[in-house]
Amino acid sequence: MRGVFEAQGFAEVETPILQVSPGNEPHLHPFSTSLSSPRPDEASRALFLHTSPEFAMKKLLVAGVPKLFQFAHVFRNGERSSRHHPEFLMLEWYRAGADTSAIMEDCQDLIRAAAVAVGIDAFKIGASGTACACNPFGAWERLGVAEAFHRYAGIDLLATTPEPLAPDAGLLAEQIRRSGVTRVAEGDSWEDLFFRVLGEAIEPLLGRERPTFLCDYPISQAALARPHPADPRLAERFELYIGGLELANAFGELTDAEEQARRFRADMALKERLYGERVPVDEDFLDALRFGMPASAGIALGVDRLVMLCAGATAIEDVLWCPVTAI
């Protein structure tokens, strides 16, 4: 995997795990710790284990590193399933002066190189009767989120987002009731319904025969992505799926510091309302954006999930040397 990046002149970097802000995604729960001062008269300082190296790597983009990648251990509290682990290995990379099409090409090179390295011509996923074989060596699919909702759930998603940042839960609930693809519960937000349809009716069907880029997310679901030039309701974001497994998440990066600060404030208000907690904003990151971050695109890929695909494993703990001890 390193060879793919080294052949294109990327710099491999290492950034600190301990951060002032772990990331401001409202549904991620960080691990917190404290930094003790060597001086007895100074108070300790709250810090977090990062949920992604994103903020630090973008600071390096601002500092002038044009192409960079990192293998980073990242930490997310409260996550454990056959596909989730509280500590996992993330591969993150960025290109200055690029858009998400360039990142898609990187994904193709990387996934094909991984398949060649382990000697497979397809990723075989699932048990007998529901198994699929995803071929990474042919043409890959690009599928818009709105198109996926229409194809697999019979829902006109954009009709439920009359305002870019104010989607209408009632309109989406009405369409779900008509389609019958999942349940609607009292008090469901638009976001609750969006992810329920995505997780139950769409994701399992993505990338079964060929890898799928699920593109053009509603902008309310892309806090660090820039708006789509063709439709302000959408953002330059895609996720990569192979055999129903979400493998990577990419953005055309937002470089407007004031808009980013506004989104952080909104996300922290949502986090406090839903979970009764909030985390600090990395003001140095916002200052870096103000200094001038170049137009860029970047992505985070779950390495352990890619290893699962290469090994034909069904659980993430099957490919970890020493899983974190369960409660």
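**Helix packing, salt bridges and strands**

Analyst: Happy to! Helix α2 passes α8 in a left-handed crossing. Keep in mind that this is a predicted model.

User: Thanks. What is the angle between α2 and α8, and how far apart are their axes?

Analyst: The two helices, α2 (residues 54-63) and α8 (residues 283-292), pack at about 25°, and their axes are 10 Å apart. Angles under 35 degrees count as roughly parallel, and α2 and α8 are therefore roughly parallel to each other.

User: Which residues make the contact?

Analyst: On the α2 side they are F55, K58, K59 and V62. From α8 come D284, F285, A288, F291 and G292.

User: Nice. Switching to charges: how many salt bridges does a search of the whole structure find?

Analyst: The search comes up with 23 salt bridges. As background, side chains of opposite charge can pair when their charged atoms come close.

User: Let's look at R151. Which residue does R151 pair with in strand β9?

Analyst: That would be E141, with the closest N and O atoms of the salt bridge 3.1 Å apart. This pair links distant parts of the chain: R151 sits in helix α4 (residues 145-153) and E141 in strand β9 (residues 141-144), 10 residues apart.

User: And is E141 buried or exposed?

Analyst: E141 has a relative accessible area of 13%. Buried means under 20%, so E141 counts as buried. R151, at 41%, is partly exposed.

User: What about R151 and E147, where do they lie?

Analyst: Both are in helix α4, 4 residues apart, which is about one turn of the helix. R151 and E147 form a salt bridge too, and the closest N and O atoms are 3.1 Å apart. E147 is partly exposed, with a relative accessible area of 42%.

User: Got it. Which residue forms a salt bridge with D231?

Analyst: R233 does, and the closest N and O atoms there are 3.0 Å apart. D231 is buried at 14% relative accessible area, while R233 is partly exposed at 26%.

User: Good to know. Changing topic to strands: which residues cover the faces of β10?

Analyst: Strand β10 (residues 212-215) has both faces covered. T212 and L214 lie on one side, F213 and C215 lie on the other, and all of them are buried.

User: In what sense do β9 and β10 pair?

Analyst: They pair in the parallel sense, over 4 bridges. In one of those pairings, G144 has C215 of β10 as its bridge partner. So to speak of E141 again, that residue belongs to β9 as well.

User: And how does β10 run relative to β13?

Analyst: β10 and strand β13 (residues 237-242) run antiparallel, joined by 4 bridges.

User: Last one: what is the strand order in the open sheet of 3 strands?

Analyst: The order is β2-β4-β3, and the pairing is antiparallel. The edge strands are β2 (18-19) and β3 (31-35), each pairing on one side only. Strand β4 (residues 45-49) is joined to β2 by 2 bridges, and Q19 stands opposite F48 in β4.

User: Great, thanks for the tour!

Notes
Residues are numbered from 1 along each chain as its sequence is written. This is a predicted model: local features need pLDDT of at least 70, side-chain atom pairs count only at pLDDT 80 or more; totals for chains, interfaces and linings use all residues. Side-chain values use heavy atoms; hydrogens and water are left out. A salt bridge is a side-chain nitrogen of Lys or Arg within 4 Å of a carboxyl oxygen of Asp or Glu. Buried means under 20% relative accessible area, exposed over 50%, partly exposed in between (1.4 Å probe, protein chains only). Two strands pair if DSSP finds at least two bridges between them. Axes are lines fitted to C-alpha atoms, for helices over the stretch in contact, and angles run from 0 to 180 degrees between N-to-C directions. Angles under 35 degrees count as roughly parallel, over 145 as roughly antiparallel, 65 to 115 as roughly perpendicular and the rest as oblique. A crossing is left-handed if the near helix is turned anticlockwise from the far one by less than a right angle, and right-handed if clockwise. Contact means heavy atoms within 4.5 Å.
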